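Colleague: Before we look at side-chain contacts, could you take me through how such features are to be read?
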Amino acid sequence: MSSVPRLVIAAPSSGSGKTTVATGLMAAFAARGLAVSPHKVGPDYIDPGYHALATGRAGRNLDAYLCGPELIAPLFLHGARGCDLAVVEGVMGLYDGAAGEGELASTAHVAKLLRAPVVLVVDASSQSRSVAALVHGFASWDPEVRVGGVILNKVGSDRHEELLREALDSAGVPVLGVLRRVAQVDTPSRHLGLVPVAERRTDAVDAVAAMSAQVGQGCDLDALLGLARGAGALSCAPWEPPVTTTEERAPVVAVAGGPAFTFSYAEHTELLTAAGAEAVVFDPLHDEQLPEGTAGLVIGGGFPEVYAGELSANETLRKAVAGLAERGAPVAAECAGLLYLCRELDGQPMCGVLDATARMTERLTLGYRDAVAVGDSVLAVAGTRMRGHEFHRTVVEPGAGAAPAWGVRAPARRVEGFVQQGVHASYLHTHWASEPGVARRFVERCRTS
């Protein structure tokens with residue numbers, strides 16, 4: 001039995017202030033000297049960057065669709081090992097999950113899997129007495145979800161706060177915080193959400209400090225910590241990446257990072273290391289060569305469309321990536337990595353590994369995907385089933401190579417991505433913890449290619 005004090009920060013809908021409150025709470029508790037473990041429900045890569053800045057620990061995702069419900073508590077305990085408190089930021093509205101899948105992957109689902117109390121963040125800017133009906137509805141909808149308190153956000157005045165508190169006296173849910181409208185805690189957004197921390201380091205530090213100050217002053221931290229300590233024990237063991245024992249020298253796996261490639265799950269690097277690799281992060285914007293001795297390359301998601309000019313200008317590195325792929329070395333590319341391997345992106349020359357072009361569009365492609373490996377690749381054998389997530393405003397033409405990476409079953413049956421020599425490139429973001437054999441297979445190919 002493992003017990004870590006924990007809170008889930010949820011809301012009735014997106015835009016209510018979950019990220020501000022969750023990040024502010026993480027930073028405020030960390031400032032008190034607590035070791036705080038940050039988590040995010042769903043596949044979002046950007047919020048965990050702010051969480052990491054607030055706590056000094058890796059932000060980790062808890063996605064019951066990508067990883068399966070059975071891995072949520074073990075992954076949580078893995079990330080929260082040795083911590084005094086865990087704060088879990090929810091996704092969308094409390095009960096919103098994977099489309100057509102009921103509660104699966106919703107904040108409520110994850111809260112139940114973690115046996116964690118929920119704190120509901122309510123945007124109170126356009127209501128007074130109605131807030132009681134709203135909170136009562138969310139607190140009573142699912143008796144297995146324990147709404148332990150509410151934080152009122154965007155409160156306009158002392159009188160407004162008084163009316164809200166009077167209304168909530170009858171709802172039976174305590175008010176644990178009241179936050180006024182404060183512009184400086186806002187963080188800039190772009191076509192796929194917040195601008196990542198890596199792109200605005202100094203401003204992001206200031207924003208997190210402002211969140212910490214506002215939340216620390218407006219919330220009852222002692223009451224919130226007491227609520228967190230009332231969470232029940234979890235009867236499972238922490239997740240551990242399976243370790244491959246070998247006396248062979250660890251192959252170097254270069255992992256793209258920096259402002260253009262910020263989307264990565266912390267467990268991926270841990271899995272590569274456990275499989276016997278030496279994972280070395282490099283920045284394709286500035287590094288002109290791959291890390292010395294590179295035997296394999298992992299290029300995750302991010303915003304190469306924002307940095308297309310700079311990526312293109314680094315011709316030396318583009319040629320090094322193309323040469324590595326031409327030699328048959330393992331290359332795993334997801335979304336942004338796929339774009340980087342194309343001939344060009346928005347007219348700017350890229351690595352030219354794939355005979356395809358990429359461009360920005362106005363259309364947002366977003367959603368979970370159920371996929372199966374069409375053929376053997378450096379990541380999986382044919383028939384391997386994995387769940388993924390797409391999130392982009394770009395299009396690659398053609399959308400699949402002669403040997404596609406995945407067959408996607410929903411929302412429409414299609415093939416997508418590219419498998420050629422040692423390259424596996426696709427729009428799908430996947431969570432390797434759901435299929436640890438992916439990392440082992442990749443590292444083994446790095447040893448033998």
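Modeller: Let us begin with burial: a residue is called buried when its relative accessible area is under 20%, exposed when over 50%, and partly exposed in between, with a 1.4 Å probe and protein chains only. Phenylalanine 261, at 4% relative accessibility, therefore counts as buried. Please keep in mind that this is a predicted model, in which local features need pLDDT of at least 70 and side-chain atom pairs count only at pLDDT 80 or more, whereas totals for chains, interfaces and linings use all residues. Residues are numbered from 1 along each chain as its sequence is written, and side-chain values use heavy atoms, with hydrogens and water left out.

Colleague: How many aromatic pairs are there, and how should I read one?

Modeller: A pair of aromatic rings is described by the distance of the centres and the angle of the planes. Rings of Phe, Tyr and Trp (its six-membered ring) pair if their centres lie within 6.5 Å, and planes under 30 degrees apart count as stacked, over 60 as edge-to-face and the rest as tilted. By this rule there are seven aromatic pairs. One of them is stacked, with tyrosine 45 and tyrosine 265 at 4.6 Å centre to centre and 25° between the planes. These two tyrosines are 220 residues apart, tyrosine 45 being in the loop between strand S2 (36-41) and helix H2 (47-55) and tyrosine 265 in the loop between strand S10 (252-256) and helix H9 (266-274); helices (H or I, at least four residues) and strands (E, at least two) are DSSP runs, numbered from the N terminus. Tyrosine 45 is buried at 12% relative accessibility, and tyrosine 265 is buried at 2%.

Colleague: Which geometry do phenylalanine 261 and tyrosine 340 adopt, stacked or edge-to-face?

Modeller: Their pair is edge-to-face, at 5.6 Å centre to centre with 65° between the planes. Phenylalanine 261 is in the loop between S10 and H9, while tyrosine 340 belongs to helix H12 (residues 336-341), 79 residues apart.

Colleague: And how many salt bridges does a search of the whole structure find?

Modeller: A salt bridge is a side-chain nitrogen of Lys or Arg within 4 Å of a carboxyl oxygen of Asp or Glu, and the search finds 20 of them. Among them, arginine 60 meets glutamate 270 with the closest N and O atoms 2.6 Å apart. Arginine 60, in strand S3 (residues 60-62), and glutamate 270, in helix H9, are 210 residues apart. Arginine 60 is buried at 11%, whereas glutamate 270 is partly exposed at 23%.
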